[in-house]
Each structure stands twice: as structure tokens, then as C-alpha cells.
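Colleague: I would like to learn how to read a fold like this one with you. Could we take it feature by feature?

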Amino acid sequence: MPVRTCLFCRQAVDKGLLVRFVSSGGVLSADLKGILPGRGAYTCRSRGCIEGALKRKGAFSRALKTPLTTPETEGAERLIKDIGA
């Protein structure tokens with residue numbers, strides 16, 4: 001299985017153990033099935049890593065190489081709830 005690195009803790013693990021995030025129309029969303037098109041950014045499934053990556057200014061914008069139209073932290077609780085972390 002391919003290896004990816006968590007945006008927050010920088011730990012390299014199997015892709016299947018991480019959560020993939022994508023930008024859809026400039027809005028950050030979790031790709032829980034791993035099927036959405038485009039560049040992905042990954043975090044561990046832990047609440048701490050997801051929150052940490054969201055709080056790190058511009059982390060997702062840089063990883064996805066696209067500006068996000070809404071602040072990355074907007075909808076953070078919704079993303080965390082969707083993932084079940």
C-alpha cells in the first residue's frame with residue numbers, strides 16, 4: 001500500500017490509515033472513500049492531528065496547492081464529526 005505523510009505529526013504511514021482531504025470549489029472537505037478527483041492532503045484519523053493541521057495556518061492550502069475560499073478552520077467540527085474522530 002502507498003505511504004503518505006500526516007500534515008500535522010509528519011508521520012509516514014500506509015495511505016489507508018489516514019484521512020484524505022480535497023478542495024472542492026475552494027472548500028476543504030474530507031474524502032472518506034478516497035475517490036474524489038484532485039490532489040489530496042492527508043492527516044492521521046486522530047482528532048488531535050486533524051485539529052492541529054486545521055490550526056496550522058495555510059497547511060491545507062499549501063499541501064493542496066490551491067487557495068481555499070473559506071477559512072480552513074471553518075467547518076472543522078463538521079469534518080471531525082464526519083470522520084468520527
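**Reading the sheet, its bridges and its cysteines**

Modeller: Gladly, and let us begin with a strand pair: β3 and β5 run antiparallel and are joined by four bridges. Please keep in mind that this is a predicted model.

Colleague: What holds the strands of a sheet together in general?

Modeller: Strands of a sheet pair through backbone hydrogen bonds, in either a parallel or an antiparallel way. In this structure, Val19 stands opposite Thr43 in β5. On the β4 side, β3 (residues 18-24) pairs in the antiparallel sense over five bridges. Two of the partners to look for in β4 are Ala30, which is the bridge partner of Phe21, and Asp31, which is the bridge partner of Arg20.

Colleague: In what order do the three strands form the open sheet?

Modeller: The order is β4-β3-β5, with antiparallel pairing. β4 and β5 (41-44) stand at the edges; each has a single partner strand, so one side of each is left without a neighbour in the sheet. On average, and ignoring direction, neighbouring strands of this sheet are turned by 35 degrees against each other.

Colleague: Which helix packs on the sheet?

Modeller: That is helix α1 (residues 47-55), which touches β3, β4 and β5. The direction of α1 makes about 135 degrees with that of β5.

Colleague: How many residues lie between β3 and β4 in their hairpin?

Modeller: There are two residues between them. Look at Gly25 in the turn, where phi is positive, at about 65 degrees.

Colleague: Is β3 largely enclosed or largely open?

Modeller: For burial, we go residue by residue and call a residue buried under 20% relative accessible area. Five of the seven residues of β3 are buried, so the strand is largely enclosed by the rest of the structure.

Colleague: Let us turn to charged side chains. How many salt bridges does a search of the whole structure find?

Modeller: The search finds two. One of them links Asp31 with Arg20, where the closest N and O atoms are 2.4 Å apart. Asp31 sits in β4 and Arg20 in β3, so this pair ties together parts that are eleven residues apart in sequence.

Colleague: Is Asp31 buried or exposed, and is Arg20 buried or exposed?

Modeller: Asp31 is buried, at 4% relative accessibility, and Arg20 is buried too, with a relative accessible area of 11%.

Colleague: What else does the side chain of Arg20 reach?

Modeller: The side chain of Arg20 reaches the backbone oxygen of Leu36 at 2.9 Å. Leaving out residues up to four places away in sequence, Arg20 touches a set of residues including Ser29, Gly38, Arg39 and Tyr42.

Colleague: And which backbone nitrogen lies 3.1 Å from a polar atom of the Asp31 side chain?

Modeller: The backbone nitrogen of Ile35 does. Setting aside neighbours within four places in sequence, Asp31 is in contact with Arg20, Phe21, Val22 and Leu36.

Colleague: Which side chains meet in a salt bridge at 3.0 Å, N to O?

Modeller: Those of Glu51 and Arg47. These two are four residues apart in helix α1, so about one helical turn separates them. Here the setting is partly exposed: Glu51 has a relative accessible area of 25%, and Arg47 has 34%.

Colleague: Is Cys6 buried or exposed, and is Cys49 buried or exposed?

Modeller: Cys6 is buried, with a relative accessible area of 0%. Cys49 also counts as buried, at 9% relative accessibility.

How values were computed. Residues are numbered from 1 along each chain as its sequence is written. This is a predicted model: local features need pLDDT of at least 70, side-chain atom pairs count only at pLDDT 80 or more; totals for chains, interfaces and linings use all residues. Side-chain values use heavy atoms; hydrogens and water are left out. Buried means under 20% relative accessible area, exposed over 50%, partly exposed in between (1.4 Å probe, protein chains only). A polar contact is a pair of N or O atoms within 3.5 Å; within protein, one must be able to donate a hydrogen and the other to accept it, and residues adjacent in sequence count only if both atoms are side-chain atoms. Contact means heavy atoms within 4.5 Å. Two strands pair if DSSP finds at least two bridges between them. Axes are lines fitted to C-alpha atoms, for helices over the stretch in contact, and angles run from 0 to 180 degrees between N-to-C directions. A salt bridge is a side-chain nitrogen of Lys or Arg within 4 Å of a carboxyl oxygen of Asp or Glu.
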